[in-house]
Amino acid sequence: MILRSSVFAGICFLLIFPVVVKAQNNSSPYSIIGLGNIENSYFNRYTGMGNAGVALSDSRYINNSNAASLSKLGNHIFTFELSARAQVNAYSGGNLTTINPNSTAPSPTFDVAFCRLSVATKITNKWGSSLGLQPYSTANYNYTANKLVQGSNRNELISQYQGSGGVNQFYWANGYQITKNTSIGVNSSMLFGSLTQTESILSNAVLAGLNTTDNIYLSGAYFNFSIQTKKRLNHAWVSTYGITFSPQTTLHAAYNVFVTDNNSDTLKTDATVNDRFTIPAVVNLGIALIKNDKYTFTVNAQQQNWSNIRGNAFQQVGGPSYQLTNSNKISIGYQNSNKVTNIYGAVYEKSFFQLGLYGGNTYLNVEGQQVTDFGASFGYGRNAKRSSLGYYIALEAGRRGSPNSNVLSENYLNLNIVLSYVDRWYKGKKYY
């Protein structure tokens, strides 16, 4: 009966699969560049720690930031997790104007999206496995700007730019315990998705109007290799370490171009062209100190080598005002875990509280200034005493931008929610 209920819960979660893909619609003008906004969050229980979870593991919650952690899941259980995010963005700088005559600044944008669906279990005592779907990048923007007429020094035309889409990541992650304190893991993913950009000329100089739509379809395999280990320092303190590495990956990019007028009559169609988009190598390092299995202090460092990528025609679109450059990020997290003993004498985690700080340079250099991203986070989770349900809430507040007033700055507030369901299954004969 318990196994049957686990399968039923899994089917219910998988029914939301199409919604997860279609609901991602996070808004940002920066998403016009490259693949869009590449997600920095893993949408798991470590979001409130600044996403500093590379060196951490849990017996109940799925840590999709390090596949090696799956070997630490509890035996004979299925774990289902569904994550969602509500996001508010406000923009300033960059010579922004508003179409609202009663306002001098653009209004904040609001968005809600399902962000991650994951299922995990232990296949053997040392082998944990997980399937999941989450966004790799998102694109959504709508703005107007002056367009330079070729052969002229004047910006005579006004164009509207609209874009949407993104790249999704469907993954199969596995973690295996090779020694008492060390585990290795591999996350095998398929990246897939599409990006659409439409440029509409609004100037009266083009009487019939002109709409140019670019459709880009991307796909490719993506791998992440990881390791976790721990060492007991004394009777109270344990240190844990984690490393993940994703090698440079090339995605297949097929795109076509449609040009129409305001009457939707096709003026030009370019045949589908095969191209490529390269994702750089990514390294994540983490270290954590845990006292009495209650207090956790952790630090993560990340590096992405975008400046080493050359020769992608698709990646060079956008003009000389920006370029892709190496990115880095430092995250610091703290967690206080409240563990109690139930009526059967077993210890379980009743609740946990988290704080985090993060900061670094993004992969965008705009107007000679590298765009930075700094923020703080807070998290709280609670597991039900008499049921298999758990919930987790994390709040992130940060700023993405530059001191240069000509560069767009984005203030954001993210509310992340993770719902967790755990059920047991029995191996071998069951006795009543």
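1. A salt bridge here is a side-chain nitrogen of Lys or Arg within 4 Å of a carboxyl oxygen of Asp or Glu. Aspartate 58 makes one with arginine 45, where the closest N and O atoms are 3.0 Å apart. Both residues sit in the loop between E1 and E2, so the pair ties together parts that are 13 residues apart in sequence. As for cover, aspartate 58 counts as buried at 15% relative accessibility, and arginine 45 is buried at 1%. (Buried is under 20% relative accessible area, exposed over 50%, and partly exposed in between, with a 1.4 Å probe and protein chains only.)

2. A word on what you're looking at: this is a predicted model, in which local features need pLDDT of at least 70 and side-chain atom pairs count only at pLDDT 80 or more, while totals for chains, interfaces and linings use all residues. Residues are numbered from 1 along each chain as its sequence is written, and side-chain values use heavy atoms, with hydrogens and water left out.

3. Now the overall layout. The chain has two helices and 18 strands; these are DSSP runs, numbered from the N terminus (helices are H or I, at least four residues; strands are E, at least two). Of the 432 residues, 48% are buried. Taking contacts (heavy atoms within 4.5 Å) with a separation of 6 or more, 67% are between residues 24 or more positions apart.

4. Back to the charged pairs. The whole structure holds seven salt bridges. Glutamate 39 pairs with arginine 85, with closest N and O atoms 3.0 Å apart. That pair links distant parts of the chain, 46 residues apart: glutamate 39 is in the loop between strand E1 (37–38) and strand E2 (77–92), and arginine 85 is in strand E2 itself. Glutamate 39 is buried, with a relative accessible area of 16%, and arginine 85 is buried too, at 5%.

5. Have a look at arginine 400 and glutamate 410 as well: their closest N and O atoms are 2.6 Å apart in a salt bridge. This one runs from strand E17 (residues 389–401) to strand E18 (residues 409–424), between residues ten apart. Arginine 400 and glutamate 410 are both buried. Elsewhere, shared partners join Arg45, Asp58 and Glu349 into one salt-bridge network.

6. Lysine 122 is the one I'd point you to. What does this buried lysine have instead of a salt bridge? The nearest side chain of opposite charge, aspartate 58, is 12 Å away (Lys and Arg count as positive, Asp and Glu as negative; His and the chain ends are not counted). The lysine 122 side chain does reach the backbone oxygen of serine 71 at 3.2 Å, and a 3.0 Å polar contact joins it to the side chain of asparagine 75. (A polar contact is a pair of N or O atoms within 3.5 Å; within protein, one must be able to donate a hydrogen and the other to accept it, and residues adjacent in sequence count only if both atoms are side-chain atoms.) Lysine 122 lies in strand E3 (residues 109–122), and its contacts include Leu70, Trp127 and Trp425.

7. Last, the nonpolar packing. A nonpolar core is a set of buried Ala, Val, Leu, Ile, Met, Phe, Trp, Tyr and Cys residues joined through side-chain atoms within 4.5 Å. The largest has 28 residues, and Tyr136, Leu218, Ile279 and Leu364 have the most contacts inside it. Apart from this core lies another, of seven residues, including Leu70 and Tyr171. Tyrosine 136 touches, among others, Glu39, Tyr222 and Ile279.

Key
Lists of a residue's contacts leave out its neighbours within four places in sequence.
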